[in-house]
Amino acid sequence: MLRPLLIILFAIQIGFVTARPQSYAVWAADSAIARKQGNGLTAQGAAIISYEHGELQWGLRLLFERTGNRTYFDYIQSGVDNVVTADGTPHGSYTLTDYVLDPLRVGPTFLYLYKQTKQTKYKAAADVFRSQLNSHPRTAEGQFWHKLRYFNQGWLDGIYMGEIFYAQYTTDFQSNNATAWSDITRQFQLMFKNTLQNETAPNSFGLLYHGYDFSHTTVWASPDRGHSPEVWDRALGWYMMALVDVLEIIPTSDPGHATILNILKTLAPRVRDAAHPTTGVWWLVITQPGRARNYFESSGTSMFIYSLLKAVRLGYVNDSDGSIVSAARKAYDYVTANWVKPTSDGTFDWQNTVVVGSLDQAGDFNYYVSQAVDVNDLKGLAAFLLASLEIERL
Ligand SMILES: *[C@@H]1O[C@H](CO)[C@@H](O)[C@H](O)[C@H]1NC(C)=O
Ligand SMILES: *[C@@H]1O[C@H](CO)[C@@H](O)[C@H](O)[C@H]1NC(C)=O
Ligand SMILES: *[C@@H]1O[C@H](CO)[C@@H](O)[C@H](O)[C@H]1NC(C)=O
Ligand SMILES: *[C@@H]1O[C@H](CO)[C@@H](O)[C@H](O)[C@H]1NC(C)=O
């Protein structure tokens, strides 16, 4: 009776059969590390302060805490050491007066390394990022502009990029700064209010448009409210991840905690219900289900799985009928069956992540579906690591 077993083992060996790995989280992290992704350098080896590296580092930190394996910690640290000088100056790919929120997503890693190592260069680098927020341009209501060159625009992406850092810095160094806590809360609130699809909006899922222009002047701004025309999966994914991550940081005694929690309670069931019924995953342009050229997209899908599961795990969202967890599980099964492709070197190739989605052009359906889709895009792969960490806690 040994022969069938040997055949199976042989088949696994040469890759005919892919056994479900013990941990997709470990496999995702190891695949990214093997390809030198998210290490503070571009593929050409130039230093860069990049939000997607910050996203991966957030996942590697959680994996380090779960496994105790220092490989992950060391990778985070060497990645940051590529972009912070010995005196704590962020690398020159960052310019404070460009007033871009994206690079600040690496800030939580600086704070984490400072806590772990007590090396002051990490604190100094975080201080530079924090000072950016003091002079960062805002709308008349107080929303940080996504970038200085995007006049008066708030984007969902910017909430994930800026607010996790702002909140972690406040917790670590100014925990009694009520002004800072209310400012952080206001960033979430303003974005929600100004991008929410109301009931009479076309294709309404009650979700959030990608962004808004407070002055209602840019090409994509709706005339009466200034929002962009479509709900883009990754933008909403960033915002959902920001909600669940910031709720762990902001003190429950601060009134902002309940405000942000209410936003999450509102959106979580709507995200669940917006999934494609058969596959369980989400369209690139959520507002245009089934339209020709729309497709299922892997970064937004992974971000939703992470956010929904974390929301339930921490008791932020009531899932007494189990529908949120089962929606996340269903989506995850599709993801691992379709978007994780083992390679001959033991890593896997991550499929189907759209490379960009910006509001620097028309911001319409045609724009989103015309953007390139790539293999091993870190924004999606890091989100899959996060989703896997949550799935593996169930
Ligand atoms: C830590 O992780 C690395 C990368 O996955 C692996 O090669 C190594 O064996 C792990 N170490 C331990 C002690 O598990
Ligand atoms: C508290 O936060 C506000 C808003 O970010 C900031 O202007 C102020 O300098 C902070 N206060 C202290 C004591 O750091
Ligand atoms: C609902 O949203 C649409 C699209 O932004 C807008 O045109 C309309 O004025 C809104 N209706 C109400 C009652 O706010
Ligand atoms: C959760 O929702 C269910 C159904 O609406 C309700 O019966 C239950 O009391 C809620 N549980 C909590 C803890 O709010």
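Which side chain has an N or O atom 2.7 Å from an oxygen atom of ligand 2, with Arg 130 and its surroundings as the place to look? The side chain is that of Arg 130.

This is a predicted model, in which local features need pLDDT of at least 70, side-chain atom pairs count only at pLDDT 80 or more, and totals for chains, interfaces and linings use all residues. Residues are numbered from 1 along each chain as its sequence is written, chains are lettered from A and ligands numbered from 1 in the order in which they are written, and side-chain values use heavy atoms, with hydrogens and water left out.Select ligand 2 and its shell, meaning residues with a heavy atom within 4 Å of it. The shell consists of Arg 130, Asn 134, Tyr 166, Gln 174, Asn 177 and Ala 180. Next, display the polar contacts (pairs of N or O atoms within 3.5 Å).

Now move to ligand 3. Around ligand 3 stand Asn 198, Thr 200, Asp 224, Arg 225 and His 227. The side chain of Asn 198 places an N or O atom 2.4 Å from an oxygen of ligand 3, and that of His 227 places one at 2.5 Å from a ligand 3 oxygen. For Arg 225, the corresponding distance to an oxygen of ligand 3 is 3.3 Å. Of the 360 Å² of accessible area that ligand 3 has on its own, the protein covers 51%. The shell around ligand 3 contains no nonpolar, three polar and two charged residues.

Methods:
Polar contact = N/O pair within 3.5 Å; in protein donor to acceptor, adjacent residues only side chain to side chain. Areas by Shrake-Rupley, 256 points an atom, 1.4 Å probe, with all protein chains shown as cover. Nonpolar A, V, L, I, M, F, W, Y, C, P; charged D, E, K, R; others polar.
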